[in-house]
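This report describes one protein chain for a reader who is new to structural analysis. Please keep the sequence and the model in view while reading.

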Amino acid sequence: MAKLYINEKKDMGYINPEIYGHFSEHLGRCIYEGLFVGENSEIPNKNGMRTDVVEALKALSIPVLRWPGGCFADEYHWMDGIGPKEDRKKMVNTHWGGVTEDNSFGTHEFFELCEQLGCKTYINGNVGSGTVKEMSEWVEYMTFDGVSPMAELRRKNGRKEPWKVDYFGIGNENWGCGGNMTPEYYANLYRRYQTYVRHYQKAAPIRKICGGPNSGDVNWTRKVLETCFAEPGGKNAGGFMDGLSLHYYVVAGNWEHKGSAAEFGREDWYRTLHKALYMEELIQRHGAILDQYDPDRRIGLIVDEWGDWFDVEIGTNPGFLYQQNTMRDALVAAVSLNIFNRHCDRVKMACIAQMVNVLQSVILTEGEKMLKTPTYHVFHMYKKHQGARLVESSLSGEGTAGVEDYRVPALQESVSLQADGSILVTLANLSAEDACPVELLLTERKPETVKASILTNEMQAHNTFEEPDKVREEAFHDVALTDRGVNFTIPACSVVSLEIR
């Protein structure tokens, strides 16, 4: 039997709600067809946003949405996406499928979507092919409430009041698709560009995100911080930044042959979960470098692209990155979110890639049809961690699971204390074969009630438009209260959420 020890009296930090953020790029059918169908669509919508998708996303308490990219951000010129739709400039989306982008979803539409979702805004600016002037004017257009050319243009386009930009990314993946830059060159550009991301709203300053490393590239992190923090006289304690981004995708195979999203065996299952757990090492390695420059941990590590990346579904555009979503994806999401929770002292935001119809989506659409993926249900089970306090927890006796080089801990967890005093436990069983009895033990509290839910099925199980509820969150009744905690058996290939009072 595994024992899960919870010290509900030991506060380990604040779980920033933005850890549960999402990413939407002009890629495939994420924006168009997924989130935005236009005001004249027969699909029910409000100001062009799909009603069914928005309502499903609101149930997750989406905290923040990142847009317009991704690689698309560094070829996006924001003025192409404002004004009357019939007059907007068309362009070729060179990164994703070579399709025509008509810019019918632009700045105004993004803020409309965020207002409907009730979430914060995270915008990525164009450093790779854009100018300082262009970025500066975009910030002015969005946030300035006085008399200026850009503020007047915004009003002319139908928006009197400025919007609130919560986060602004200075470029994206500038080590790759965002310009193939060296870290020193990008860091100097960052210093320059961020200067002109003005805080027009003094009471609500924009938090600036510096473009960080690809996966384990610690040299990028070190050189960027070295350049951004270097200033005569010991000034610039914050390095001009509020956050440093990190991108990491879990690929079951390799970048040439990533593997099928829905057809895989035990070895693929464990290899994928083994790679998902690598996220913890990445946070520790990059976090250690950040600690040298930012020992007070004022700068957040922003994991604004994460998730599974498999081969596209057969018969779909390779540039659209459309893939199915199985119980394996659900376990990757559970493992990743548990890791982010447990490192909430450094990780301040994370955005799963992507929101709809692309990579590890929480929602898939097909015409007027919509379904919630297994990953969606994990986000729903975990949503009460947002804004809670992480408390100390540890496992013993859980053992390991896996094959040869891909052994993983059988169980993995995170625990938080809610504002109302309840304790939220999220526990994943990474074993594809074996259930595990669990004795959950609290340090002082004697539980009075427990409410539990579970997501479980065979490892390849997924939802289709013909069978949209094959994998779904259900009530979990096989739990027993004890004087010190809760006893239960967690099935193989499952995620359990327990709310203890």
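Glu-366, Glu-368, Glu-466, Glu-467 and Asp-469 together form a negative surface patch. Patches are built from residues with over 30% relative accessible area and no salt bridge, like charges being joined within 9 Å and nonpolar side chains (Val, Leu, Ile, Met, Phe, Trp, Tyr) within 5 Å. In this scheme Lys and Arg count as positive and Asp and Glu as negative, while His and the chain ends are not counted. The place of a charge is taken as NZ of Lys, CZ of Arg, CG of Asp or CD of Glu. Accessible areas come from the Shrake-Rupley method with a 1.4 Å probe, and for residues only the protein chains shown count as cover.

The model is predicted: local features need pLDDT of at least 70, side-chain atom pairs count only at pLDDT 80 or more, and totals for chains, interfaces and linings use all residues. Residues are numbered from 1 along each chain as its sequence is written, and side-chain values use heavy atoms, with hydrogens and water left out.

## The chain as a whole

The chain contains nine helices and 26 strands. Helices (H or I, at least four residues) and strands (E, at least two) are DSSP runs numbered from the N terminus. For 501 residues, a compact globule would have a radius of gyration near 23 Å, and the value of 23 Å for the chain agrees with this. That radius is taken over C-alpha atoms, and the globule rule is 2.2 Å times the number of residues to the power 0.38. Along the principal axes, the C-alpha atoms fill a box of roughly 65 × 60 × 45 Å. Of the 501 residues, 59% count as buried.

Helix H2 (residues 107-117) is mostly covered, with 10 of its 11 residues buried; among them are Phe-110, Phe-111 and Leu-113. Gly-118, which follows H2, has a positive phi near 70°. Leu-282, in helix H7, is buried with a relative accessible area of 0%.

## Salt bridges

Side chains of opposite charge can pair when their charged atoms come close. The structure holds 32 salt bridges, each defined as a side-chain nitrogen of Lys or Arg within 4 Å of a carboxyl oxygen of Asp or Glu. The table presents several of these pairs.

| Pair | N to O distance |
|---|---|
| Lys-3 and Glu-439 | 2.4 Å |
| Glu-433 and Arg-266 | 2.4 Å |
| Asp-268 and Arg-271 | 2.7 Å |

The side chains of Lys-3 and Glu-439 meet in a salt bridge. Lys-3 lies in strand E1 (residues 2-14) and Glu-439 in strand E21 (residues 436-442), so this pair ties together parts that are 436 residues apart in sequence. Glu-433 forms a salt bridge with Arg-266. This pair also links distant parts of the chain, with Glu-433 in the loop between strand E20 (423-429) and E21, and Arg-266 in helix H7 (residues 266-293), 167 residues apart.

Asp-268 and Arg-271 are three residues apart in helix H7, which means that about one helical turn separates them. Asp-268 is partly exposed at 26% relative accessible area, whereas Arg-271 is buried at 14%. Salt bridges that share partners also join Asp-291, Asp-294, Arg-297, Asp-345 and Arg-346 into one network.

## Backbone features

Most residues other than glycine have a negative phi, and most peptide bonds are trans. Against this background, a cis peptide bond joins Trp-67 and Pro-68, with omega about 5°. Pro-68 is in the loop between strand E5 (64-67) and strand E6 (91-92). The bond from Gly-69 to Gly-70 is also cis, with omega near 15°, and Gly-70 lies in the loop between E5 and E6.

Glu-173 is not a glycine, yet its phi is positive, about 45°. Glu-173 is found in the loop between strand E9 (167-170) and helix H5 (183-195), and counts as buried at 14% relative accessibility. Arg-297 likewise has a positive phi, near 55°. Arg-297 occupies the loop between H7 and strand E12 (300-308) and is partly exposed, with a relative accessible area of 29%.

How values were computed: Buried < 20%, exposed > 50% of the residue type's maximum accessible area, 1.4 Å probe, protein only.
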